[in-house]
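We will go from stop to stop, selecting a few residues each time.

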Amino acid sequence: MHWDRLFEDLEGQLAAEWEAERAVLDAESERLRISKLTLRDRLNVLHRSGAPVVVHLAEGDRVSGRLAAVGADWIAVHSRDTAGALIVPVGALSGIETHHGAILETLEDVEAPHDALRSRMTLGFLLRDFARRRVAVHLALGGGERVHGTIDRAGEDHLDLAVHDAGESRLASAVRSFRIVPLTAVRWVRTTAATV
């Protein structure tokens with residue numbers, strides 16, 4: 001009888017140790033899985049969920065809305081306050097705020113289908129499309145400068161902007177100046193119509 005209790009006690013201790021070791025391994029496995037998530041992965045989940053977000057920009061601005069698109073190196077935000085889209089290079093973000101449930105959802109290990117073409121579209125690709133369609137844009141540049149105009153062309157790392165007043169068409173008589181803008185200086189691009 002005494003030996004039976006001793007063996008039961010030893011079996012209980014061994015089972016508890018195995019359970020503790022399994023919990024440590026599961027926790028380490030989860031940390032490893034999360035360490036492989038990219039910001040882009042999590043932004044795609046936020047986009048698919050449609051969760052409300054507040055986008056914090058490096059210059060201190062904040063924009064409330066929902067993610068409309070996620071590109072290779074940019075996001076598009078549709079705000080309740082304005083008609084167009086706000087395109088933000090990922091490098092100009094200082095954070096994305098949303099509710100706790102949406103944050104946890106971005107950590108889930110779910111392989112959802114994504115738009116393969118959009119995932120490869122860089123900011124330069126998007127701006128070349130705006131140039132082709134003659135989309136008027138507002139640009140926020142480093143240092144707080146804001147300019148309005150039409151993108152004439154966009155290269156790999158820069159764009160040419162015909163600067164003119166908002167609400168004016170890009171006519172030779174309306175253009176005040178021409179400017180080459182490095183893409184690294186662009187903090188955000190706002191379109192006046194839904195283009196993304």
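Select Thr 106 and Ile 103. A polar atom of the Thr 106 side chain lies 2.5 Å from the backbone oxygen of Ile 103. That is a polar contact: a pair of N or O atoms within 3.5 Å, where, within protein, one must be able to donate a hydrogen and the other to accept it, and residues adjacent in sequence count only if both atoms are side-chain atoms.

Before moving on, note that this is a predicted model: local features need pLDDT of at least 70, side-chain atom pairs count only at pLDDT 80 or more, and totals for chains, interfaces and linings use all residues. Residues are numbered from 1 along each chain as its sequence is written, and side-chain values use heavy atoms, with hydrogens and water left out.

Stay on Thr 106. The loop between helix H3 (100–105) and helix H4 (116–120) holds this residue. Helices (H or I, at least four residues) and strands (E, at least two) are DSSP runs, numbered from the N terminus. Is Thr 106 buried or exposed? Thr 106 is buried, with a relative accessible area of 5%. Buried means under 20% relative accessible area, exposed over 50%, and partly exposed in between (1.4 Å probe, protein chains only).

Now show what surrounds Thr 106. Leaving aside neighbours within four places in sequence, Thr 106 is in contact (heavy atoms within 4.5 Å) with Leu 37, Arg 42, Val 45 and Leu 46.

Next, select helix H2, residues 39–49. Its buried residues are Leu 43, Asn 44, Val 45 and Leu 46. They pack against S1, S2, S3, strand S5 (93–97) and H3. Gly 50 follows H2 and has a positive phi, near 70°.

Move to the strands. Select S1 (residues 53–57) and S2 (residues 62–70): they run antiparallel, joined by four bridges. Two strands pair if DSSP finds at least two bridges between them. Which residue in S2 stands opposite His 56? Find Arg 62. S1 and S2 form a hairpin with four residues between them, and Gly 60 in the turn has a positive phi of about 105°.

Arg 66 faces His 78 in S3. Three residues make the hairpin link from S2 to S3.

Select helix H5, residues 123–133. Leu 123, Gly 124, Leu 126, Leu 127, Asp 129, Phe 130 and Ala 131 are buried here. The buried residues of H5 pack against several strands, including S3, S4 (85–89) and S6 (136–141). Arg 134 has a positive phi of about 60° although it is not a glycine. This residue is partly exposed, with a relative accessible area of 43%.

Now colour Ile 87, Leu 127, Phe 130 and Leu 159. They touch the most other members of the largest nonpolar core, which has 26 residues. Such a core is a set of buried Ala, Val, Leu, Ile, Met, Phe, Trp, Tyr and Cys residues joined through side-chain atoms within 4.5 Å. H5 gives the largest share, five residues. A second, separate core of 18 residues includes Val 53, Leu 57, Val 63 and Val 70.

Last stop: Trp 188. Arg 190 lies over its face, at 5.7 Å from the ring centre. A charge sits over a ring if NZ of Lys or CZ of Arg is within 6 Å of the ring centre and within 35 degrees of the ring normal.
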